[in-house]
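Here is a friendly walk through this model, from the contact between its chains to a few details of the backbone. Have the sequence and the 3D view at hand as you read.

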Amino acid sequence: VNSLITVLLVPFLTATALALLNGHPRIERAVNVGSCLGLTAYVFWLLGYVDAHGIQSSAIAGYPPPFGIALVADRLSCLMLCLSMSVGTVALLASLRTLTATQERYFFHPLFQFLLLGVNWSFITGDLFNLFVAYEVMLVGSYGCMMIGASRRQVHQSLMYIAINLVGGALFVVGIALIYALVGTLNFADLAQRTAALTGARAALVTATSMILLVVFALKAGTFPVFFWLPDSYPVVPAGVNGYFAGLLTKVGIYSLLRVFVMTFRQEGHELAATVLLVVAGLTMLLGVLGAVCQWEIRRILAWHSVSQIGYMVLGIGLCTDAELAPAGVAAAIVFVVHHSVVKSSLFLLGDAAELATGSSALKRMGGAAALAPGTALLFLIAALSLAGMPPFSGFLGKLLLIRVALQGERWVLVTAAVVTSFITLMSMLKVWSYAYWGPPCRATAAEPSTGIAAPAAVLVLATIVLGVWAQPLLRYVDDAAAELTQPTTYVDAVFAERAQAPPLSAALTRAAR
Amino acid sequence: MELPIALSIGLLFAAAVYSLLRPNLLRMVIGFSLLSNAVNVLMIACGGFALRNDAPFVHDPQMVVGLMDPLPPDIILTAIVISFAVGALFLTVAYAVYREYRTVDPEALPVGEDAESAS
């Protein structure tokens, strides 16, 4: 299909329209929700289409890859787009409940659409430089959503978030420049082809350079040495939108790791990245969960758990050290990405709902949310058990797959780390449950009704149950997606299919480049 | 040509990192703009240096040989726009922090400020 640009145009045009409509909150809300629902329907259709007809690619302005900008939708991209749009719609609906008039006046709606634009763009782009541009669009949207309303605390915490991401962005361009100098292309498909032929010193140079990109993606994903920005910045994001932050923004880093380190870099010795990631995974899991148990504020606990759970996804990617285990490891990582987006997003939203009901976010002052908002409490319990990895929810499935692959690869230390982390996660979730939800209610009636947030979150909780109980379609799809990533020939063919109809100028350039 | 360019890239990076590590928000802003320029010069160097001084307009496929690669300048233009916009944003936030806390020293800001102490 040639309509891939829809996933970029719709948020872009909606954002522009919303900026012009500023000051008419009711119309803005209707347009924003309508646009999100429409695009959600489109990406689910696209997922079905790609699953049936293979990878779709479209060259912007008719310049064929590798010279033009390519948009490519393979199974992984489509899955991530579906996650982005469905979690985004849920988070938007939840944030409509908590938005203040000031936040709406200061362009919340356009900023949210730009955030969606950046995230969608990074999932569908077919080259490294566009990935950088998509990151920046996403980051600017996220700075806006994080600081909106500009309370003291928001400004202070977003300053550090901005500073760390500025340095990350500069490093990203350094990596891109060096890769371009070494390999001569930035298109993923072209890079995959060319790096596969590299051996010796040249391959070692590419591997060394790719480590710069590894740091950038690890920073974005919030893994071990570079996670410090995450637990401080997520708690200040306004309620509602924080569901989207927690569900998707770190996943962009994981997606980039999958796309670039599993699929694109195939030179001799590229396993080094996976080996580094294995070490990072174990430390991220353990340190993240240990950070969580000593926190006393519900949002900070959840943010630290985000760090810890990222470790599981990185573990799946790290298992690619062994070429035979690579498809299974990647599939497990993707299942975990789906599970974690859905569950962490719902947990953040339900934490917001409990905050509304009890009027506080400090665990010791909450108490009795189960009596004040029973529905919210039930949903939170399900999501928390799913996060800890209890059957029959999706968390169990994700962890089962990962640990099975890790056992096959005989990574005993990492298996132990994963299991220990699971237990501590359960303990920490029970702490939240017993302090915030159980016990004597901290007030006679709910401070504010929380259904406006809990109802959208219920959709996500339902999804975690369905994905856990009826997992077969997802597993089949993810296995195919992992096969596409680990054996990128179909991807390369789909991207270069358009070269046949190349206009004369590009054909000349292609000849000259050879 | 390579040596002076390489030296200036190194110098720019050193100055940028030094400024970024100062406990002063304004110096951090300056450090960031130096950093983005260091990256841009690096990108020029990665594109290679032109063998001929022709502009890259191609009429005859034979003429393509020996021209400067047009892609790195494209990338740099995009990167300049992005770093300018983000740098302006960073400066604004630094000013907002100064207005709230009356200091430009990030280490003087309250640490571990969470809901318990804020509310």
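## Where the two chains meet

Chain A and chain B bury about 3,300 Å² between them, and 80% of that is on carbon and sulfur atoms; buried area here is the accessible area (1.4 Å probe) that two parts lose on being put together, summed over both. A:Arg152, A:Leu159 and A:Tyr180 supply 19% of the area that chain A buries against chain B, more than any other three residues. In terms of contact (heavy atoms within 4.5 Å), 38 residues of chain A are paired up against 38 residues of chain B.

This is a predicted model, in which local features need pLDDT of at least 70 and side-chain atom pairs count only at pLDDT 80 or more, while totals for chains, interfaces and linings use all residues. Residues are numbered from 1 along each chain as its sequence is written, chains are lettered from A and ligands numbered from 1 in the order in which they are written, and side-chain values use heavy atoms, with hydrogens and water left out.

## Polar links and helices at the interface

How many salt bridges are there between chain A and chain B? The count is one, where a salt bridge is a side-chain nitrogen of Lys or Arg within 4 Å of a carboxyl oxygen of Asp or Glu. The side chains that meet in it are those of B:Glu100 and A:Arg152, at 3.7 Å from N to O. Two residue pairs between chain A and chain B are in polar contact, both at pLDDT 80 or more; a polar contact is a pair of N or O atoms within 3.5 Å, and within protein one must be able to donate a hydrogen and the other to accept it, with residues adjacent in sequence counting only if both atoms are side-chain atoms.

Helices and strands are DSSP runs numbered from the N terminus, with helices being H or I of at least four residues and strands E of at least two. On the side of chain A that touches chain B, the elements that give two or more residues are α6 (128-147), α7 (152-183) and α22 (504-513) of chain A. Of the elements there, α7(A) gives the most, with 19 residues. The residues of this side divide into 28 nonpolar, three polar and seven charged. In that grouping, Ala, Val, Leu, Ile, Met, Phe, Trp, Tyr, Cys and Pro count as nonpolar, Asp, Glu, Lys and Arg as charged, and the others, Gly among them, as polar.

## Salt bridges within chain A

Side chains of opposite charge can pair when their charged atoms come close. Over all chains, the structure holds twelve salt bridges. In one of them, A:Asp51 pairs with A:Arg476, their closest N and O atoms being 2.8 Å apart. A:Asp51 lies in helix α2 (residues 25-53) of chain A and A:Arg476 in helix α20 (residues 472-486) of chain A, so the pair ties together parts that are 425 residues apart in sequence. With buried meaning under 20% relative accessible area, exposed over 50% and partly exposed in between (1.4 Å probe, protein chains only), A:Asp51 is partly exposed at 21%, and A:Arg476 is partly exposed at 41%. A network of salt bridges links A:Asp51, A:Arg75, A:Arg476, A:Asp480 and A:Glu484.

A:Arg299 is worth a look as well. Its side chain meets that of A:Asp352 in a salt bridge of 3.4 Å, N to O. This pair links distant parts of the chain, 53 residues apart: A:Asp352 is in helix α14 (residues 326-358) of chain A and A:Arg299 in helix α13 (residues 298-318) of chain A. A:Arg299 also forms a salt bridge with A:Glu355, at 2.9 Å from N to O. A:Asp352 is buried at 2%, A:Arg299 is buried at 10%, and A:Glu355 is buried at 18%.

## A buried phenylalanine

Is A:Phe380 buried or exposed? At 0% relative accessibility, A:Phe380 counts as buried, and its place is in helix α16 (residues 374-388) of chain A. Leaving aside residues up to four places away in sequence, A:Phe380 touches A:Leu347, A:Leu350, A:Val432, A:Trp433 and A:Tyr437.

## Backbone details

A cis peptide bond joins A:Pro391 and A:Pro392, with omega about 5°. A:Pro392 lies in the loop between α16 and α17 (394-408) of chain A.

A:Glu410 has phi near 60°, a positive value in a residue other than glycine. A:Glu410 is in the loop between α17 and α18 (412-437) of chain A and is exposed, with a relative accessible area of 53%. In chain B, phi of B:Arg102 is near 55°, a positive value in a residue other than glycine. B:Arg102 lies in the loop between α3 (71-101) and α4 (115-118) of chain B, and at 58% relative accessibility B:Arg102 counts as exposed.
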